[in-house]
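Biologist: I'd like to learn how to read helix packing and sheets in a model. Can we go through one together?

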Amino acid sequence: MYGFLIAVGILLLISIIWMVYRIQTLVSVVKGSDKKVASGSNKVNAMMFVLFLVGTGGLMFWYSIKEFDNYNLPLASEHGAVTDQLFWITMAVTGVIFIITHILLFWFPYKYQYKEDRKASFYPDNNKLEVIWTVVPAIVLALLVIGGWKAWSDITKPAPENAHVVELLGYQFAWEVRYPGMDNVLGANDYRLTNASNVSGVDFSDKNAHDDFNSPVVVIPKGEPVLFKIRARDVLHSVFAPHMRLKMDAVPGMPTKFWFVATKTTEEMRAELNDPEFEYEIACTEVCGKGHFSMRRVINVVEPAEYRKWLAEQKPYIVNNPALVENLSPELKELAEITISEHK
Amino acid sequence: MATAHTATHSASAHDHHDDHEHHDNFITKYIFTTDHKMIGKQFLVTGIFWAIIGGLLSIIFRLQLGFPDMELYWLKPILGGWIDDAGKLDPNFYLALVTMHGTIMVFFVLTAGLSGTFSNFLIPLQIGARDMASGFMNMLSYWFFFLSGVIMFISLFIETGPASGGWVVYPPLSALEQAMPGSGLGMTLWLVAMTFFIASSLLGGINYITTVINLRTKGMSFSRLPLTIWAFFLTAVIGLLSFPVLFSAALLLVFDRSFGTSFYLSDIYIGGEALPNTGGSPVLYQHLFWFLGHPEVYIVLLPALGITSEIISVNSRKPIFGYKAMIISMLGITILSFIVWAHHMFVSGMNPFLGSIFMFLTLIIAIPSAVKVFNYLTTLWRGNLIFTPGMLFSIGLVSFFISGGLTGIFLGNSAIDIQLHDTYFVVAHFHLVMGSASFFGLMAGVYHWFPKMFGRMMDPRLGYIHFWLTFIGVYMVFFPMHYIGIAGFPRRYYSWTNFEFSNMYTDLNMFVSVAAIITFGAQLIFLFNFFYSMYRGRVASLNPWRSNTLEWTTPLHPQHGNWPGEIPTVYRWPYDYSKPGASEDFIPQTVPLSATPESNLPHEQELVKLEKAIIADEEEVLVANESKES
């Protein structure tokens, strides 16, 4: 019954709109306004541009200021300060251009709307103007690019020798976090060794792998360089740590990396934001299938001393699961046994 | 010599036309037609059909994003198993929706629907040709496109769903059936459909290029071509050079999927087994894909810019400012569009040094774009503006081109792109600068050339309402996405509540979704106006916008062959609007300079002498031809 009433209502509404439309058309034919070059609507449209400019411009300023703290993510890395600064410089430059060009674009229609007694000015070209507005944007862009290029070179240069290595392996649909242990060297890996108890495909015949361990949380020290070694084992993924201003694709068959220095511990950030629940997070930003939106890992940034303490407490893969080294050669097995006994 | 040749050519084309004029039946006129005007309309109507499909898909995923708690049982009759028992959209199908939305909009609507419609319709009419260089190839071009569309449409309904790896279909996701259901049959159909689409684009493109180079009427030198034609011409060149590379990317993907090769696959453990493939590189695919993918942006945008240049000039009653600068900018964009592709890949793991190179090249391409914007503004300045719906949509396009173009400066900067890459900032950027701008170009073109297509006028008032709802609506949909993007919300997410940093802005996302639904609804006004006016609109006058270009010298309903008599000769550039001294505020291209001594500029007085010699020459040839005939 309801559906029927709604249908009748819609039908009525449509027929009313239809009638108004037809009457409008007929009136304009009778008045002869359809023969004119520009009808009365011309003025309305010209006015609308100005209203649009003021209305949406006001909305933009209001919302941008009101929401600033919401969309402006807290920052916790050294290079992030540089890229954020570049972002806001670019925002200032483009913002000015945006506003000026839009004022002109919407004010000209009002100012130069059709008048029967006026003739448009015949102004086909002016080489001086063309040169100016080729050269000026070129200079401005060059300055922006040079800033970006310097930052980019710094960010992508090789990581310092002493950087703490963490391996992130993306798979459908999670990240496996592997640490190199005390030697700070990750053991070799081979994707063919992957199975349920060896998610990262670690090759335990490499003795560097003996002290490797995994962790449910990415724990890193504040103020010291950290190198993410990034891999994927099935499809493309992408490591995105928004607060660190960090992003790098994880590519099957091609290890990638990204190094950075965290500047605030999780505790410090919690205090600063007054949010005891706050966590640094890692998300996936390269579409990878059904669970793309749920590949969460937490980064826990701690003081360096605390980090070292945590590191010492971790149990290597082979301690938790001695079966991993069962099939090794006798010498390697002995080495592994020593590592296991050290951690007991 | 050249002159004589052109004259004989047009005369013989005319004879030819007379032979064929009366043999059209329904099938040859409306279906397997070789008339460029009808083919253009076929592309347009097909494009509109796909735009509705693409728009509807986006509405469904906007429902998910804006109202994540909504129960979607009512969609079950259409979507069936893709709505689960709890009334929720399946996450795999969500990805299928965004993939199909992107593919359909980029290729079927804004490439075929825009370029296909207006290149076909306008090139012969504006350069003064009877038809395209090869009417048959042109017909094939449409039917390949149609076939491609049929296959893509079928893929929407198969059990495992259509391709779902994003419109870029990056392998290994798109190569491995185990990775997601959409990578099975749906992906195969996607590849087959795209192959036909590429064939269609190439057939069309070769035709556009050949026609513009060879079939211009007498006097229509390249420096007298309307900017629309320049834009279509350069677009076709870009397409011809870049679509084959997409084909190569797709072909290698077919090999990897079906024949066990490892072009893109290496070191993969999936579904509990290690695959034998080694040595391939997923990044190779990205390079090949974006070698088309970036020029594709300009394939979509340049025709819209060309259309806008023409419409803004006509309705400002002023010559387009900096005609030569506009052409040079478009040439610059054409060349640069081929050497900026890797800015889509700053964080793909490629060598950072390449990133620096592509950052420099990318920001160079902003310069010709800036020049175009300033030229549009100067064209409006001191004009006598008439706000036809076409003009409104053109001004809207310039606004989107500025808004979306400026955010490109952020994304082209590799250091800033680290944070913004694959967030909603990117979504906002390309939907404004490429999606909405090109869509507005398409709309402007339809409103402006509707009288030439169907001999009737669209209702301007409905056009105004359509414009304002759409213009405001588009900004309400895409502007808020900048905030969401700066906040770091990733693209192609089914829901954002799994993360603390993105567990907010539910209100803004709801607002965006509502705006999207209203904007989509506003397109119904256009659909009504379009189809109603086709049959019942007011009969148009011959030159309703008082425009200079050649298409308005044809009869109201031009037959196949366009002009009943001789093809008109062109004596001037297309932008003599409001010329000082002239009695009217426009002088069509067919008016000789010698007929307008009162408005000629000094250098044009010189041309008058030359022109007189040519006219005398032409008459001689005509007399000769006539005596031959009798």
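Modeller: Helices (H or I, at least four residues) and strands (E, at least two) are DSSP runs, numbered from the N terminus. This is a predicted model, where local features need pLDDT of at least 70, side-chain atom pairs count only at pLDDT 80 or more, and totals for chains, interfaces and linings use all residues. Residues are numbered from 1 along each chain as its sequence is written, with chains lettered from A and ligands numbered from 1 in the order in which they are written.

Biologist: At what angle do α9(B) and α12(B) pack?

Modeller: Two packed helices are described by the angle between their axes and the distance between the axes. Here α9 (residues 282–316) and α12 (residues 389–411), both of chain B, pack at about 125°, with axes 9 Å apart. That makes α9(B) oblique to α12(B), since angles under 35 degrees count as roughly parallel, over 145 as roughly antiparallel, 65 to 115 as roughly perpendicular and the rest as oblique.

Biologist: And how do strands pair in the open sheet of chain A?

Modeller: Strands of a sheet pair through backbone hydrogen bonds, either parallel or antiparallel. Two strands pair if DSSP finds at least two bridges between them. In chain A, five strands run in the order β4-β10-β9-β6-β7, with mixed pairing. The edge strands, β4 (218–221) and β7 (246–250) of chain A, each pair on one side only. β6(A) (residues 237–241) and β7(A) pair antiparallel over five bridges, and H237(A) stands opposite A250(A) in β7(A).

Technical notes
Axes are lines fitted to C-alpha atoms, for helices over the stretch in contact, and angles run from 0 to 180 degrees between N-to-C directions.
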